[in-house]
Amino acid sequence: MPELPEVEVIVRELREKIPGEELSDIQIYWKKTFVSDGYPLPVFNTIHAVNRRGKFIIIRLNQLFLIIHLRMTGKLIVSDTVPVDRKHLQVQFLFKSGKALLFYDPRKFGRIYLTPDPEEFFSNLGVDAIDPQFSKHDFTRMLSRKKGSIKPFLLDQHHLAGLGNIYVDESLFRARIHPETSIRALSVHESSQLYQAIRKTLNGAIAHMGTTLADYRTPDGNSGRHQNFLKVYDREHETCFRCKSVIVKKRVGGRGTHFCPGCQPLKK
DNA sequence: CTAATCACCTGAAGGC
DNA sequence: TGCCTTCAGGTGATTA
């Protein structure tokens, strides 16, 4: 479910709520969710900071870091009390203050990793898609070394980290590029448009607090609003706001892909 | 290297 | 109402 914008909104909210909290207990209800890698459970540690890289949430403790990936249906909730709703609760962190950080995940794909070394943990992860250090030139250079279709490339977190199925489709629409366009066929101008489109799309979604299609909620339990601003994703058979063509959905790289055949013609 | 498929899980939605 | 199939915001492993 959550892509970079949703994770960013979650991180901002967590940052308001949990730094300074001291862990008093950790309960793991679904073993595979919590990957301790042999390190002791960080009970009695303090939460020092909350950050993000791509779709990962990074929580700094005393010596170790909790690194969380929500995958499809993971949800973090900050509660003032021990949980009332325990359905799909996979991991529970209790604090000395009485508050709790709860990890819910119906599909159980999400993971919480424990590591002393985030740099090492992220050694194969691409650059964050809205990292200010990541330039248009870096992007075109990255593209020049690759072939294949543009959409699978954008989804691959080893290159750019943070885009998922919704925002790839939205970014390609904004840049007027067909998702099956071969990377080698992209002009310098198109690459540049795509770079801008990705940033505008992600930052716009953050401003709307993310996209809630079904499960996504912030740690306060709030929905996002960006679902009301989607241009192609989840709009199959509807009319393009820009050219009035009918939005198409087809499989590209194994993923349901939405685009406007009028605005995004395939040039190959 | 790229592409396709499966695996991991559950729930919602659509067809009959 | 119920059964069956398909699909879902993700990603890693395996196999052509």
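## Ground rules

Two strands count as paired if DSSP finds at least two bridges between them. Strands (E, at least two residues) and helices (H or I, at least four) are DSSP runs, numbered from the N terminus.

This is a predicted model, where local features need pLDDT of at least 70 and side-chain atom pairs count only at pLDDT 80 or more, while totals for chains, interfaces and linings use all residues. Residues are numbered from 1 along each chain as its sequence is written, chains are lettered from A and ligands numbered from 1 in the order in which they are written, and side-chain values use heavy atoms, with hydrogens and water left out.

## The sheet

Here we have an open sheet of 5 strands with mixed pairing, in the order E2-E9-E5-E4-E3. At its edges sit E2 (34–35) and E3 (49–53), each pairing on one side only.

E2 runs parallel to E9 (residues 111–115), with 2 bridges joining them; valine 35 has tyrosine 113 of E9 as its bridge partner.

## Around E5

What about E5 (residues 65–69)?

E5 runs antiparallel to E9, joined by 5 bridges, and histidine 69 partners arginine 111 in E9. Isoleucine 58 stands opposite isoleucine 67 of E5.
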